[in-house]
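Dear colleague,

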Amino acid sequence: MRLVWRDPDSGRVLTWVPQLFARYTDGGALLADCPAMASPATGRGERAAAVLEAACAAVGFAYRRLVPPDKTVAANVRWLAGYRHPRHRDAGGLEQGVLAAFTAPRPLMAGAAAAGEVLTALPVAYHALWSGRLTADLTRPLGEHTLVSASRPDPAEDDAEQEREREQHTR
């Protein structure tokens, strides 16, 4: 989505592309900007935020300027995003072994080793962390000693994720 408007002072045509559009289950919508820095919007960003807020209000959407994650969380999420593709979910047939290895919290590398060949098990563990089937404290640097444990997902959500991954894989 791109918002286009004419600046009332200069008469120039301006544009802004918000980073996130989300639809709520009740039908409402959220448009959000996800800035790289926590500092308040200035200049162009401040003007765009005001225009976006007014445009959203006019059509019944909510608008928010989100606070960026801290640098460690952002780095960890970027790393895990590299393993989001469905091919990593059960690489080497290790999915069940990886999930079982973390039924009790244990360091990442110890769990990967317990599940099988470490270099094959780690991508499966990273995918499970990305998808929320495993959990870890992402506010600390992700590494071999990071404590990882199994999450308790809603079975319906897990089924829906498997279906999305099947659809994505067949494309």
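A salt bridge is taken here as a side-chain nitrogen of Lys or Arg within 4 Å of a carboxyl oxygen of Asp or Glu. By that criterion, Glu-95 and Arg-133 are joined through their side chains, with an N to O distance of 2.6 Å. This pair connects distant parts of the chain: Glu-95 lies in helix α3 (residues 95-101), and Arg-133 in the loop between α5 (118-131) and β7 (134-136), 38 residues apart. Glu-95 also meets Arg-89 in a salt bridge, at 2.8 Å from N to O.

Arg-133 is buried at 5%, Arg-89 is buried at 8%, and Glu-95 is buried at 11%.

The whole structure contains 3 salt bridges. One of them pairs Arg-47 with Asp-7, whose closest N and O atoms are 3.9 Å apart. This pair, too, links distant parts of the chain, with Arg-47 in helix α1 (residues 44-59) and Asp-7 in the loop between β1 (3-6) and β2 (13-16), 40 residues apart. Arg-47 is partly exposed, with a relative accessible area of 39%, whereas Asp-7 is buried at 10%.

Please note how the model was handled. It is a predicted model, in which local features need pLDDT of at least 70 and side-chain atom pairs count only at pLDDT 80 or more, while totals for chains, interfaces and linings use all residues. Residues are numbered from 1 along each chain as its sequence is written, and side-chain values use heavy atoms, with hydrogens and water left out.

The pLDDT, the predictor's confidence in each residue from 0 to 100, averages 88 over the protein chain, and 86% of the residues score at least 70. Confidence is lowest in helix α6 (residues 155-170), with a mean of 60, and highest in strand β6 (residues 106-107), at 98.

As for the overall fold, the protein chain has 6 helices and 8 strands, where helices (H or I, at least four residues) and strands (E, at least two) are DSSP runs numbered from the N terminus. Their order along the sequence is β-β-β-β-α-β-α-α-β-α-α-β-β-α. Of the 171 residues in the protein chain, 33% are buried.

With kind regards

Technical notes. Buried means under 20% relative accessible area, exposed over 50%, partly exposed in between (1.4 Å probe, protein chains only).
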